[in-house]
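Please look over the points below with the model open.

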Amino acid sequence: MHTNVATNHTKSEILQLLLQLGLTSSGSFAIWRKPKSNTVEIVLNDTSAPVKVGLALENLEPGFIVHPFADQADQKAYFIKANKYFSFDLEKPLSTEDLPEWAKIQLKNQERLSPNEIRELLINQTLVSKVKTSKLSENKEHFTQLVKEGIKAIQENKLEKVVPARTKTITIPPNFNLGCTLLSLMEAYPNAFINFFHLPHVGTWIGASPETLIETKGNIFCTMSLAGTQKATGDNPLKSVAWTQKEIEEQALVSRYIVSCFKKIRLREYEEHGPKTVLAGNLLHLRSDFRIDMQETGFPELGSIMLGLLHPTSAVCGMPRSEAHNFLQEFEGFDRSFYAGFLGPVNIQGETSIYVNLRTASLHDNEATLYAGAGVTEDSDPEKEWEETELKCQIIGKFIQNPSA
């Protein structure tokens, strides 16, 4: 490897190096940066066959978990065990000498790959993990009809809310630079969970999720309800926003669902803060935060318990959950795969942070499939719901098509 060990790398060069380490290992790996953090982390397991584990989070070794949307019956998730781990501060200079020993050994016998070579490596590795979507899921007419079916089911009192989704496939451009794309996402969305993961023969995904599903740190458990969507406009979008009754009720439904989960396990002592308006990329949402002391309430395994109760949340599925899920299975017309599932680091540095896999794209062949959904209530307008999904697709799509967007 022809590198001057004393040379500090640019941020995108560091990310390119980490991607090279992952993609040349023949194993599974994940790179991420948590919301409101400058720390980038990577876990790598160079076992070629992806591993699945049970969902008792407290018993898992350190690693990164990935679970699809639909497999409620499957109480197992993909897991990238942290056989190799590294973290660094994006704001501090880093040279090759600062890399951990395992990374230096792996890079020692390799030429440094260019962004284009990384792109080729990525495309060659994802040829065998193409996500199956139907052309229906790209079709505007199909989606607006899906919204109409949802409104009808709500009017007939079969559902309170449903969250239909769609896909949009774009070509990965010849000048695509994965390191730059990841860095651009980190800089553009400081409040999102920026992530990239690669499971050989299963999937390769990139995302910027605004929604925490569960978080445990020491004795503290946190979750949130995030729903309602508006385009951010003006110089100070947080001040000029006005929420409609439809959007307020949509978010309240999600909060009520979380509280109903607490009641189910007879948990009465919790803090609820919100709702407040938050900015996520080019969109505004309503968010409420919930906080519980697991030691005081006698729930040391609350992370695993709530994960089982919350997923899939009403924000990505609907209410009542079982009926909404059945509606989506019947009418949506495609496999969501990891979209609206969950992912995140488990038991790393004493913390577990799991996020709903939103604002995400699957990379396969020479294409990226973007995923987006919209919360449908009785007051929904099919045309506006389509526009909302278009805005959500742009959050990741514009950085794939133009990494320095």
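The numbered points take the strand, its neighbours and the rings in turn.

1. This is a predicted model, in which local features need pLDDT of at least 70, side-chain atom pairs count only at pLDDT 80 or more, and totals for chains, interfaces and linings use all residues. Residues are numbered from 1 along each chain as its sequence is written, and side-chain values use heavy atoms, with hydrogens and water left out.

2. Strand S12 covers residues 203-209, and seven of its seven residues are buried, so the rest of the structure largely encloses it. Buried here means under 20% relative accessible area, with exposed over 50% and partly exposed in between (1.4 Å probe, protein chains only). Strands (E, at least two residues) and helices (H or I, at least four) are DSSP runs numbered from the N terminus. One side of S12 carries Gly 203, Trp 205, Gly 207 and Ser 209, the other Thr 204, Ile 206 and Ala 208, and all are buried.

3. S12 runs antiparallel to S11 (residues 193-199), with seven bridges between them; two strands pair if DSSP finds at least two bridges between them. Ala 208 is the bridge partner of Ile 194. Three residues separate the strands of this hairpin, and His 201 takes a positive phi near 65° there.

4. S12 is also joined to S20 (residues 360-364), by three bridges and again antiparallel. Here Gly 207 stands opposite Thr 360.

5. The structure holds 17 aromatic pairs. Rings of Phe, Tyr and Trp (its six-membered ring) pair if their centres lie within 6.5 Å; planes under 30 degrees apart count as stacked, over 60 as edge-to-face and the rest as tilted. Trp 205 and Phe 338 are edge-to-face, at 5.8 Å centre to centre and 80° between the planes. Phe 338 lies in the loop between helix H10 (321-331) and strand S18 (342-346), so its pairing with Trp 205 in S12 ties together parts 133 residues apart in sequence. Trp 205 counts as buried at 0% relative accessibility, and Phe 338 is buried at 4%.

6. Trp 205 also pairs with Tyr 371: the centres are 5.1 Å apart and the planes at 25°, so this pair is stacked. Tyr 371 belongs to strand S21 (residues 367-373), so the contact with S12 ties together parts 166 residues apart in sequence. Tyr 371 is buried, at 2% relative accessibility.
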